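Take a moment with the sequence and the 3D view.

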Amino acid sequence: MALSAMGLSLAAQNIHRADTVARSLSHDVVTADQVSQQQVTNPLEAINGRVAGVTIQKSNNGIAAMNAVRVRGTTSVTGGNDPLIIIDGVFGDLSTLSSIYPSDIESFTVLKDASETAQYGSRGASGVIEVVTKKGAAQRTTVTYNGSVGVTHVIKNLDMLNAAAYRSAVTRQGGMLIDRGYDTDWQRAIQQTAFLQDHHIAFMGGGERSGYRVSLGYMDHQGVILHDKLRNLTSNMNMHQRMFGDLLNIEVGMFGNVQKDMTAVYDVQKTFYSAQAWNPTFGTKRNSGGGWDGFTLSNQINHPLALMDSRTQNKITHLSTHAKLTFDLTRNWTLTLFGAYSHNEVEIAQFLPTSIWSGGKGYRSSAKTESWLGNATIAWDKRVGAHHLNVMGLAEVERDVHTGFYTTTTGFSTDAIGLDAIQSGSVTLWDGTGSYRNAPSLASFMGRFAYDYDSRYSLTATMRADGSSKFGNGNKWGFFPSISATWNIGREAMMHEVDWLDDLKWSIGYGLAGNLGGVDNYMTQNLLSPAGIAPVGQRLAVTFDELRNANPDLKWEVKRSFNTGLSAAFLGNRIITSVDFYTAKTCDMLYLYNVGVPPFGYNKLLDNLGSMRNSGVEVALGLTPLATRDMELNINANVAYQYNKLLSLSGYYNDYWLEAPGEVDLVNLNGAGFHGGNNHIVYQIVGQPLGVFYLPHCTGLKSDGMGGYVYDIADLDGSGDVNIANGKDRRVCGQAMPKVLLGSNINFRYRQWDVTMQINGAFGHKIYNGTALTYMNMNSLPGYNVLADAPERNIHDQTATDYWLERGDYVNIDYVTLGWNVPLSQRLQRTVSRLRFSLTMDDLLTVTGYSGLTPMINSSSAGGTLGVDDKNVYPVTRSYYLGVTVTF
Amino acid sequence: MKQIATIYHILLMASLLALGSCNQFLEDEPTDRIPADEAYNTLSDLQLNALGPIYRNIGGSGDSQGLQGTARGVWDLNTFSTDEAIIPTRGADWYDGGIWQNLFLHRFGNVDFTGDTWNYLFKEVLACNRALERINAFASSHAGEDVRHLRAEARSLRAMFLFYAMDLYGRVPLFTASSPTVQEMKLQDRSVAFRHIVSELQAAEYDLLNERSPRHGEYYGRMTRPVVQFLLAKVLLNAEVYADDDWTDDFRPDGSAMMWTVDGEQMNTWQAVEYYCTKLQDVGYALAEEFGDNFSINNEESPELIFTIPMDIYDYANRFTQQFRSLHYNHAAALGLNAENGPCATIEAMRTFGYGTDGQDFRLFQTYYTDEVYLENTFTPVTLDDGSPLVYYPMEVRLDLSNSLYETTAGARMHKYEIDLAAMSDGQLRRNDIVLFRYADVLLMRCEAMLRDGRAGALADELLNQVRRRVSMDDRTATLESVLEERMLELAWEGWRRNDLIRYGRFTLAYTDRPQLDADVKGYTIVFPIPGETLTACGCAQNPGY
C-alpha cells in the first residue's frame with residue numbers, strides 16, 4: 001500500500017507531495033476519529049484488528065504486560081521481530097508507544113511492504129508503525145477533557161478440587177492428607193476487583209503562522225491480582241512556527257512520561273501454579289509467627305498469599321524531544337534538518353520475602369538508554385504538465401548509549417523491611433552486582449526517486465545503505481534497494497464511463513530490508529569479561545574470560561520481499577476493498593546454532609546461515625450499507641492468511657559444517673516432574689512452519705493395572721517399543737501460529753447515538769493444554785491440587801503426548817462501546833462545542849472450542865511460551881468503562 | 001532530466017564519501033570489557049586470566065558445569081547410572097520426562113545432559129589450549145620469565161579433563177589448538193587417548209611443586225604434583241578398560257602385560273599404579289583421624305585430601321547440590337535450608353552397608369540419613385507436615401514410587417558432608433570444600449593394583465585395613481571382591497562408582513530395579529553417546545550401539 005495522506009512523519013513528509021497524487025485507499029491507516037469512538041488506554045488496542053496482517057497480542061494480563069506486535073508474521077528467528085515505532089519522527093519502541101495517551105494520537109500508519117519500509121532501512125525490516133501526535137492548528141483555541149472510570153473483574157478461573165473433594169481424593173489414594181480444616185479457593189484469594197481511572201486534558205490553539213498543543217494525562221489502573229497497580233503520568237507538547245516568510249517552518253515537540261507499576265507477581269507461572277494447585281484445606285490467615293504455613297510436599301509452589309508478600313516495582317521515566325527545521329528553499333527545493341534526543345530509564349526494585357525465597361532477595365537496578373538521532377533530507381520536486389517528479393536524499397546518524405547497574409542482596413533476617421533498605425540482607429554475592437555500558441551506532445544514506453504521470457502511473461525507486469557498529473569491518477554496511485509501481489486504473493479515460501466504480505488501483509513492489517535485531521553488542525569481537533572469583537596465589541581475584549563464541553563474520557540478515565495488491569471502491573465509496581499478496585524470503589538468517597565443542601569453545605554460535613519464507617494474502621473490506629443524515633452503518637473486516645516455512649538451517653562456517661539438529665525444541669513444560677527429559681512441546685523443524693507441535697501420539701487412555709489410567713502411546717516408528725525421544729515415536733501435529741487472522745470493526749450510528757464493536761479472531765493453529773496435563777495427573781496429589789474432573793478420569797500419568805493438544809480457533813469480541821454525543825443548544829455551543837458520553841465493555845465474549853482458560857495465549861512470538869498453556873495464564877477478565885469527552 | 005541525473009549523481013558521490021568517514025562513527029569501543037591482548041601481559045595476569053577461569057570452572061553453578069557439586073553433569077552420570085544411588089520418581093516429583101529412570105536403566109540415548117557434559121569438558125580442554133597459547137606467546141616475548149609451572153598446570157588440567165571425557169565417552173579428539181581444524185578434531189581411539197593422557201601427566205609432573213592443593217595459601221585449589229600423581233594412579237588402574245578399543249567384544253587387554261616407563265624405569269601397569277600411590281605416601285599424605293574430617297565445613301586441613309573444589313559462601317559461585325537434592329523437604333526446612341527430596345541410596349548400597357544387620361558399617365550414619373531424623377544440635381526429631389516424625393525407609397526404594405506409601409520417604413539420603421547452617425541459596429552455597437581426590441582412595445587403589453598383580457598378602461591386607469580401622473571396622477582379607485565392597489563403603493557418593501563397576505566388569509549386569517538391556521551385555525553402555533554436533537563437526541561415527 002502506498003503511503004497514506006495521513007503519513008506526516010519524518011521521511012514521509014518529505015515526499016508528501018509526491019504521494020498526495022496517489023491517494024490511498026489503504027486500510028492501513030487508523031485515524032483519531034476511529035480511535036476516539038472507543039475508550040482505550042493503550043494505543044495498540046486502538047489498532048488491534050483494524051489493519052490486516054498486524055497481530056497484536058498481550059503477553060499476559062499482567063498490569064504492565066507488554067504487547068507483542070507482529071507485522072506480517074515472524075520473519076527472523078533470533079530477534080528484531082518487533083515493528084519499528086516512529087512517534088513524530090523519533091524512533092521509539094513498543095514500550096514508548098504504550099505510554100502515550102491515545103487521545104494525543106492523530107493517526108497510525110502501518111507500513112508493511114519493503115518499498116514502504118525502505119525509508120527506515122534495517123530498523124523497519126519487520127514493519128513500521130508511524131504515529132503522529134496531534135498538533136495545534138490555525139483555529140480557535142480549544143480545551144478538551146477526556147476521562148473514564150472503570151472496573152475490571154475476573155469472570156473465569158480453573159475449576160480445581162474444593163477442600164471436601166480434595167480430602168476424599170487424597171484419602172482414596174492413600175496419600176498423606178494434611179487437612180487444615182478450611183476450604184479456600186486460592187485463585188480467588190489472590191484476586192481483587194480492579195478500579196481504573198483515566199484523565200486527560202489537551203489545550204490546543206494557534207494562529208496563521210504558528211500553532212501549539214499541550215496535553216497532560218494521568219492513568220491509575222489496578223490489576224485483578226492483589227497489589228497490581230499502574231500509574232502513568234504523561235505530558236506531550238508540540239508547537240510549530242513559520243519564519244522568514246515561508247522559508248522556514250520550525251516544529252518542536254517534547255514528550256515525557258513517568259510510569260510506575262507495582263505487582264506481587266514476580267513469576268507469572270509460579271503465581272498461578274501456586275494459586276491453582278495449593279492445598280485447598282489451608283486457611284488465608286497468617287500463622288502465629290506472622291508467616292505462612294508451608295506445605296512441604298509441594299516444593300515447586302508456594303503459599304499463594306506468601307507470594308503476595310513479594311513486591312516488584314518498575315518505574316519507567318521517559319523523555320524525548322525533537323526539533324525539525326524545514327527550509328522551503330525554492331519552489332522546487334526543500335531542505336529538512338531533524339534532530340531528536342530521548343532518555344529512557346527503567347528502574348526495577350524487587351523484594352522476595354524469606355517465605356518464598358531462601359534467605360530472601362532484594363534487588364535494585366537501573367537501565368538507561370540515551371538515544372541521539374540526526375538527519376538531513378534534501379528534496380527536489382517538479383511538475384511539468386502531467387509529469388511529477390520528486391527526488392530525495394537522506395543522511396542519518398544514530399547512537400544509543402545503554403548504561404546500567406544492578407545489585408542483589410540475600411540473607412535477610414526480617415521480612416519487615418523490603419526493597420527500600422536492601423542492606424537488610426547480609427549477603428551480597430559477587431555475581432549479584434554489576435554494571436555495563438555499550439553504545440552501538442547506526443548510519444544511513446538513502447536516495448529516493450519518485451515519478452508520477454497524470455496520477456495514473458507512478459514509480460518509486462529507493463536505494464538505502466545502512467551501517468552498524470555491531471558488525472566487523474567489511475560487514476558493517478548493508479545495501480537495500482527497493483522499487484514499487486502503481487497503476488491507478490480508475491483514472492484511465494476508459495474507466496470514466498463506469499459509474500459504479502469509483503476507484504481501482506494496482507500496485508506492485510519488490511525490495512530488500514536488513515535486520516540485526518538478533519545481534520548483541522560486540523558479538524564479532526573476542527573480548528574478556530569479568531568471569532568470577534578464583535583463588536589466585538594468596539589472594540582472591542576476579543578472572544577475565546571470553547564467555548561466548550565470537551563470530552567476526554556476522555553480517556546483516558536480509559529480507560527480500562515481493563508484494564502486489566489491488567484495491568477498488570464501488571458505489572460511491574460505499575464498498576471499499578483491497579487484496580494484497582506478499583511473499584518474503586529471509587536470507588542470511590541469523591540463528592544461534594548448537595555447535596560442537598570442539599572446535600568452538602562454547603556450544604552456541606550465532607551465524608548468518610539459513611533461510612525462512614513468509615507469504616500471505618490480506619483481504620480487506622469496508623462496507624457502508626447505510627449512510628443517511630440520521631443513520632450510518634460501517635462494517636470493516638480484514639482477513640489475513642499467513643504462511644511460514646523454515647527453509648534451511650545449515651551451511652558452512654569457514655571449514656565447519658553447521659547444521660541445526662532435525663528438531664530443535666522451543667517451548668518446554670515446567671513444574672513438578674517436568675524438568676528436562678521429553679517435555680519439549682513446540683519445536684522448530686526445517687521444512688515446517690516456525691513453531692510446530694512435535695509430540696508422541698496418544699491413542700487413548702489405557703489401564704495402569706491399578707485402577708487408574710495412563711496415556712497409551714503409539715509406536716509410530718514401528719520399532720516394536722515406545723521411545724518418545726526426538727526422531728523416534730513423535731510426529732508433527734499442528735502449528736502454534738494461526739494460519740488465518742480476522743479483524744472486524746462494526747460501527748453504527750443513529751442520530752447522536754453510536755455503537756462500535758471490535759471483533760478479532762484467529763484460526764488454524766493449536767494450543768497445548770499443559771495446564772490440563774499437569775492438573776489431570778492424579779499422581780500429583782496430595783502435594784498439588786488437581787482439576788475438579790480429575791478424580792473421575794483417574795489419570796496417573798504426566799507424559800506429554802498429543803492428548804492435550806487442542807484446536808486454538810477463536811473469535812473474540814474485544815469491546816463494545818455505546819456512545820452518546822449530547823446535542824447542545826446553540827447558546828451552549830458557544831462554550832462547549834462537544835460533549836460525549838460512552839460506555840465500553842471489554843472482552844465481552846469469546847467463542848472457542850479450547851478447553852483451557854482462554855485461547856488467547858502467546859501464539860505469535862517465538863519465545864518460551866509459544867503455543868503452550870502451562871499454568872501461566874492470567875484469569876479471564878471483563879472490564880466496564882464509563883467515559884466522558886468534553887471540548888470547550 | 002539531465003538536471004535530475006546530475007543531482008542524483010551528486011547525492012550518490014556525497015553518500016560514498018560519507019560512507020568512508022562514517023566508518024569512524026561506526027567503531028564501538030567497548031568500555032565494560034577488555035580486549036584479549038591486554039589481559040595476559042605479566043606472569044600474574046596469566047595466572048589470573050589464562051588459568052583462573054579454568055580453575056573457577058572445576059566447580060560450577062549451572063547444570064552440567066563442574067566436575068562435581070552441580071546437577072546433570074559428570075557426577076550424575078557417574079553416580080545415578082550405578083548400583084550406588086538412584087533418583088526414584090516420586091509422584092509428580094522427579095519424573096522429569098523420564099531422564100532419571102533412563103539414566104538408571106542405562107538408556108543413555110535418552111539422557112539429554114550427556115551432550116551438555118561433553119560440552120563442559122571440552123570447553124575446558126579448549127580453555128587449556130587457549131591458556132597454553134597465551135603462556136607460550138608470553139614466553140616468546142619475555143625470554144627471562146619462567147613459565148614452566150604455569151605451562152605444567154595448563155597441561156595437567158587439560159589431561160584431567162581429557163581423562164574424565166575419555167572415561168565417560170571412550171573416544172575423544174586430541175588437539176592442541178584453540179581453534180582446531182576438522183582433521184585435528186577426529187576422534188581418537190580410546191587406547192591412543194589413554195596413552196596420550198598418561199604421557200601428558202608424566203610430562204607435567206616434575207614442573208609442578210609438591211604442594212598441598214586443598215590448603216589455603218598460594219596453591220589452594222591448584223594443580224600440584226600430588227594431584228597429577230593421583231591422576232596417574234587412577235588412569236593406570238583402569239588401563240585394561242582404557243586400552244580396549246573395542247569394548248563390545250568381551251575381550252580386554254591384560255594390564256600385567258602392558259609396560260610403562262616411570263621415572264626412567266620399566267614396570268607393568270599395576271607396579272606403576274603402586275609406584276604413584278607410594279609417592280603420595282612418601283610426601284606425607286595420610287588418613288585423617290576421623291572419617292568426617294574430610295567432609296567438615298573446615299575440611300581444608302585434612303591431611304587426606306589431595307584435590308578439592310574450593311567452596312565459600314561469599315567468594316565463589318560453586319554450588320554443592322548433592323545434599324540439597326537428596327534431603328526430604330521437611331528435613332532441610334528444619335535446618336533452615338531447602339531441599340528437593342530426590343536422590344537416595346539403592347537397596348544394593350544398603351545391603352553393602354549392612355543396614356539393619358548386626359554387621360552394620362560404622363560409616364552408614366556418616367554417609368546416609370536413615371530412619372528417624374534428629375537435628376544434630378538440638379536432638380529434636382524432624383517432623384512431617386502432619387506432625388508425625390519424618391522416617392526415611394531405606395529398603396522401600398523403587399525406581400518409580402508414585403502412589404506408594406513411601407513416595408516421599410523411601411530411600412536413605414545423603415549425609416557425608418557436614419551440614420553448613422550458614423549456607424546460602426537454598427543450602428547450595430556452603431563452605432565444605434568438595435572432595436575430588438583423597439588418600440583413602442590411594443590406599444585402596446594400591447591394594448587393588450597389588451591384587452591384580454598377583455601379590456595378595458599381608459601388605460595388601462594392611463592397606464585395606466588401614467581404611468577399615470579408622471572407622472573401627474574389623475579387618476578383612478584383601479580380595480578384589482572385598483576391595484570393591486570397601487570402595488562403596490568408603491567412597492560412596494564421591495563419583496567413582498561407575499568407574500569402579502566398569503573396571504570390575506559389573507556395570508552392565510542387572511541389579512535391583514535394573515534389568516540388563518538387550519545390548520547392554522555386549523558392553524556398549526560403558527561409554528556414553530557423543531553429541532551429534534561434535535560428530536557433525538568432525539565427520540566421525542557415533543560410539544557403537546547408539
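Which residue of E6(A) is the bridge partner of A:Val29? The partner is A:Thr109. Before going on, note that this is a predicted model, where local features need pLDDT of at least 70, side-chain atom pairs count only at pLDDT 80 or more, and totals for chains, interfaces and linings use all residues. Residues are numbered from 1 along each chain as its sequence is written, while chains are lettered from A and ligands numbered from 1 in the order in which they are written.

Some terms come first. Strands (E, at least two residues) and helices (H or I, at least four) are DSSP runs, numbered from the N terminus. Two strands pair if DSSP finds at least two bridges between them.

Now return to E6. Strand E6 covers residues 105-111 of chain A. Three bridges join E6(A) to E1(A), and the two run antiparallel. Both belong to an open sheet of five strands in chain A. The order is E1-E6-E7-E4-E5, with mixed pairing. E1 (29-31) and E5 (90-92) stand at the edges. Each has a single partner strand, so one side of each is left without a neighbour in the sheet. From one strand to the next, the twist averages 20°. Such angles run from 0 to 180 degrees between N-to-C directions, and the axes are lines fitted to C-alpha atoms, for helices over the stretch in contact. In a regular strand, side chains alternate between the two faces of the sheet.

Further along chain A, look at strands E13 (residues 311-328) and E14 (residues 333-352). They pair in the antiparallel sense over 18 bridges. Four residues lie between them, and together they form a hairpin. A:Phe327 has A:Leu335 in E14(A) as its bridge partner. E14(A) also pairs with strand E15 (residues 361-384) of chain A. That pairing is antiparallel too, over 20 bridges. Here A:Gln350 stands opposite A:Tyr363 in E15(A).

Chain A holds another open sheet, made of four strands. Its order is E33-E34-E35-E38, and the pairing is antiparallel. E33 (663-668) and E38 (731-735) are at the edges with a single partner strand each, so one side of each has no neighbour in the sheet. Neighbouring strands are turned by 45° against each other on average, direction ignored. Inside this sheet, E34 (residues 680-685) and E35 (residues 692-695) of chain A share two bridges. A:Val682 has A:Phe693 in E35(A) as its bridge partner.

What joins the chains? The contact takes 86 residues from chain A and 83 residues from chain B. Two residues are in contact if their C-beta atoms, placed from the backbone, lie within 7 Å. On the side of chain B that touches chain A, the largest share, eleven residues, comes from H1(B). That side divides into 41 nonpolar, 26 polar and 16 charged residues. Strand E23 (residues 527-536) of chain A and E1(B) run antiparallel over two bridges. A:Leu528 stands opposite B:Ile34 there.

Finish in chain B with helix H15 (residues 439-452). H15(B) has 14 residues and reaches 20 Å from its first C-alpha to its last. This is close to the 20 Å expected at 1.5 Å a residue. 14 of its 14 residues are buried (20 or more other C-beta atoms within 10 Å of their own), so H15(B) is largely enclosed by the rest of the structure. Just after H15(B), B:Gly454 takes a positive phi of about 75°.

Note on methods:
Expected span 1.5 Å × (residues − 1). Buried ≥ 20, exposed ≤ 12 C-beta atoms within 10 Å, placed from the backbone. Nonpolar A, V, L, I, M, F, W, Y, C, P; charged D, E, K, R; others polar.
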